Amino acid sequence: MDKQNELQQWIAIANSDLTAAQHLANNMRPIPYEIICFHCQQAAEKYLKWVLVLHDIDPPKIHDLEELEKLCETISPQFETLFEKCAALTEYAIPSRYPSENQLEKQDMDKALEYAQSIREFVRSQFPEQFVLYNKNTNKKSEEP
């Protein structure tokens, strides 16, 4: 796959995860907090991996947003401002997909949505021309988040 196509796919999938999270939060009852938090983590993961691919760095096959954020810091030290948000979202990568005693609640969902959107906006602000270019060329079936 060529780099341009790959970059378009990273943004398309990230947007899809964020759109799904927002749709579930707004339309599904009872609200599936765990699934929403998982989609927020996945969206943030893909936005960070998009940054890596944009800079010719093969993204590792991991779900740890803290590690991905550290890699992005090698591109721009400003990514350090995302560390706490990445740490919080990483918690939703796998555990939210399995039964556990720690049930997620509305405040977890609200924080996850806020953090995922914040990471998206940060990435967009760091690379505005590239973000717009690869975002507009995606095959979007749903509205952009």
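Helix H2 is followed by Asp56, a residue whose phi is positive and near 60°. Helices (H or I, at least four residues) and strands (E, at least two) are DSSP runs, numbered from the N terminus. The structure is a predicted model, in which local features need pLDDT of at least 70 and side-chain atom pairs count only at pLDDT 80 or more, while totals for chains, interfaces and linings use all residues. Residues are numbered from 1 along each chain as its sequence is written, and side-chain values use heavy atoms, with hydrogens and water left out.

Asp56 is found in the loop between H2 and H3, and its phi of about 60° is positive although Asp56 is not a glycine. Most residues other than glycine have a negative phi, and most peptide bonds are trans. Asp56 counts as exposed, because its relative accessibility is 63%; here buried means under 20% relative accessible area, exposed over 50%, and partly exposed in between (1.4 Å probe, protein chains only).

## The chain as a whole

The protein chain contains six helices and zero strands, so that, read from the N terminus on, its elements run α-α-α-α-α-α. Of its 145 residues, 46% count as buried. Contact means heavy atoms within 4.5 Å, and among contacts in the protein chain between residues at least 6 apart in sequence, 66% join residues at least 24 apart.

Helix H2 covers residues 33-54, and its 22 residues should span 32 Å at 1.5 Å a residue, which agrees with the 32 Å between its end C-alpha atoms; the expected span is 1.5 Å times one less than the number of residues. Because 19 of the 22 residues of H2 are buried, this helix is largely enclosed by the rest of the structure. Tyr47 is found in H2 and counts as buried, since its relative accessibility is 0%. The C-alpha atoms of Tyr47 and Ile119 are separated by 7.6 Å, although these two residues are 72 residues apart along the chain.

The axes of helix H1 (residues 3-27) and H2 come within 8 Å and cross at roughly 160°. Axes are lines fitted to C-alpha atoms, for helices over the stretch in contact, and angles run from 0 to 180 degrees between N-to-C directions. H1 and H2 are therefore roughly antiparallel to each other; angles under 35 degrees count as roughly parallel, over 145 as roughly antiparallel, 65 to 115 as roughly perpendicular and the rest as oblique. H1 passes H2 in a left-handed crossing, a term used if the near helix is turned anticlockwise from the far one by less than a right angle, whereas clockwise gives a right-handed crossing. Asp17 lies in H1 and counts as buried at 10% relative accessibility. Leaving aside its neighbours within four places in sequence, Asp17 is in contact with His39, Gln42, Ala43 and Lys46.

The loop between H1 and H2 contains Pro30. A cis peptide bond joins Arg29 and Pro30, with an omega of about -5°.

## Helix H4 and the cysteines

In helix H4 (residues 83-90), the buried residues are Cys86, Ala87, Ala88, Leu89 and Thr90. These buried residues of H4 pack against H2, H3 and helix H5 (106-126).

The structure holds zero disulfides, a disulfide being a pair of cysteine sulfur atoms within 2.5 Å. Cys72 is in no disulfide, and the nearest cysteine sulfur, that of Cys86, is 7.9 Å away. Cys72 counts as buried because its relative accessibility is 0%, and Cys86 is buried with a relative accessible area of 0%.
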